[in-house]
Amino acid sequence: MAIVIAVANQKGGVGKTTTAVNLAAGLAIKLRHEGTHPGKILLVDADPQGHGLMAVGFGRHLAAPEESLAALLVETPPPSIQRMLRQGIHQSNLDYIPGNTQAMVAARARLPSLLAREQRLARALAPIADTYAYIIIDTPPTLDDLMINALVAATHVLIPVEPSYLGLTGLKDLQHAIEQVRLHLAKDDLRILGYLPTRCVQQRVEVQEIVDYLREHYPERTLQPIHETTDLTYAHSAHMDVFTYRPPRSRQDGRLESSSRATQEYARLVNEVVRRTRPQSG
Ligand SMILES: Nc1ncnc2c1ncn2[C@@H]1O[C@H](COP(=O)(O)OP(=O)(O)OP(=O)(O)O)[C@@H](O)[C@H]1O
Ligand SMILES: [Mg+2]
C-alpha cells in the first residue's frame, strides 16, 4: 500500500507546492536508483490553481473536465483513474493526474451537497494504491472539502510552516482539522509526519525564534528547515523540480545534491521522509 502524504497548511504561500513537487521528484529519483518495487510516485494536485502540475507535466497537465481530477471527485460513478494517469516530463517514474481549474472550482462548490463528500479522493485513489510507493498530495490554502479529502486520503500529513508569528497562528486550526478527521472519519492512524520550516531567511532573528518554538513544542516532529533560495523560485518558473534544474555533475549513484543549497535541503527532507515512513512500507 502506498504511503500517502498530504502537504497541507491552509495559510497561503508557505511552500506547500514547492515542497510537494520537490519531495515527489526527489523520491522518484531515489527510488528509481535504488530499484525499489513499486518504485513509482504519484503527485495529486488537489489545489484548483494547479501550480504543482505545472512543474511535473507542463504543457500536458490540463485536461477536459471529464478527464481531470475534478471528475473523480464529483461524478457518479467516477471515471476510471487508471486511464487518467500520465507520466511526468522530468522523472519517468513520477506520474500525475491532469487538472482543470474551472472544473475543480465547480467541484469544490458541488462537494458539500454530495454523499460521502470527504471520502471521494480516498476512494478514487484506492484502485491504484498498490501501484505506487508514495502518493504526494498538494493541497489548497483553505480548510475546505478539498483539503479534508486530502487528509482523509492520506496516511501522513507534512506541514510546511512559514517562520513568522503569523505563520504559527493557523497551526492550531490545522491540528484541529486533523484531529476531527481522525475522530469523526475513522482515520485514527493519520499521522503528522512533521513540521517543515520553509522559506527561512538566514539572518532574521524571528526565524530562529520560531524554529526554536517548533523544536520545543514538537521535538520529534520538527524537520530541518528549508531556506529561502532563488533556485526554488527559478526552478518553478522553468517548470522543473529543483533536482532537474540544478542537477549534480553525475546522477550515477542516485545522487540528489548538487552545489545548490535547495537541492541539499530537499534531499535531506526526502531521506528523512523515507526514514520516517519505511517501517510501514514493509
Ligand atoms: N524556500 C524557498 N525559497 C524561495 N522561494 C520559495 C521557497 N519556497 C517557495 N518559494 C516561492 O514562494 C512562492 C510560494 O510558494 P508555494 O507556491 O510553494 O507556496 P504554497 O503554499 O503552495 O502557496 P499557495 O497557498 O498559494 O498554494 C512561489 O513563488 C515559490 O516559488
Ligand atoms: Mg500551492
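## The sheet

Two strands count as paired if DSSP finds at least two bridges between them. In this predicted model, seven strands form an open sheet with mixed pairing, and their order is 3-4-2-5-1-6-7. Strand 3 (86-87) and strand 7 (191-197) stand at the edges with a single partner strand each, so one side of each has no neighbour in the sheet.

Strands of a sheet pair through backbone hydrogen bonds, and the pairing is either parallel or antiparallel. Strand 2 (residues 41-45) and strand 5 (residues 134-138) run parallel and are joined by five bridges. Within this part of the sheet, valine 44 stands opposite isoleucine 137 of strand 5.

## The nonpolar core

In soluble globular proteins, nonpolar side chains tend to be buried together. The largest nonpolar core here has 86 residues. The members that touch the most others are Ile5, Ala24, Ile41, Ile136, Ile137, Ala150 and Leu151. Helix 1 gives this core its largest share, nine residues.

Apart from neighbours within four places in sequence, leucine 151 is in contact with Ala6, Ala8, Val157, Ala177, Ile178, Val181 and Leu190.

## Around ligand 1

There are 18 residues around ligand 1, and those that come nearest are Gly12, Lys16, Thr17, Thr18 and Pro141. By type, the shell around ligand 1 holds ten polar, four charged and four nonpolar residues.

Helix 1 (16-34) supplies at least two residues of this shell, and so does helix 10 (230-237).

Conventions. Residues numbered from 1 in each chain as written. Chains lettered and ligands numbered in written order. Predicted model: local features only at pLDDT ≥ 70, side-chain atom pairs only at ≥ 80, totals over all residues. Near = placed C-beta within 6 Å. Helix = DSSP H or I, 4+ residues; strand = E, 2+ residues; numbered from the N terminus. Nonpolar A, V, L, I, M, F, W, Y, C, P; charged D, E, K, R; others polar. Core = buried A, V, L, I, M, F, W, Y, C linked by C-beta atoms within 7 Å. Buried ≥ 20, exposed ≤ 12 C-beta atoms within 10 Å, placed from the backbone. Contact = placed C-beta atoms within 7 Å.
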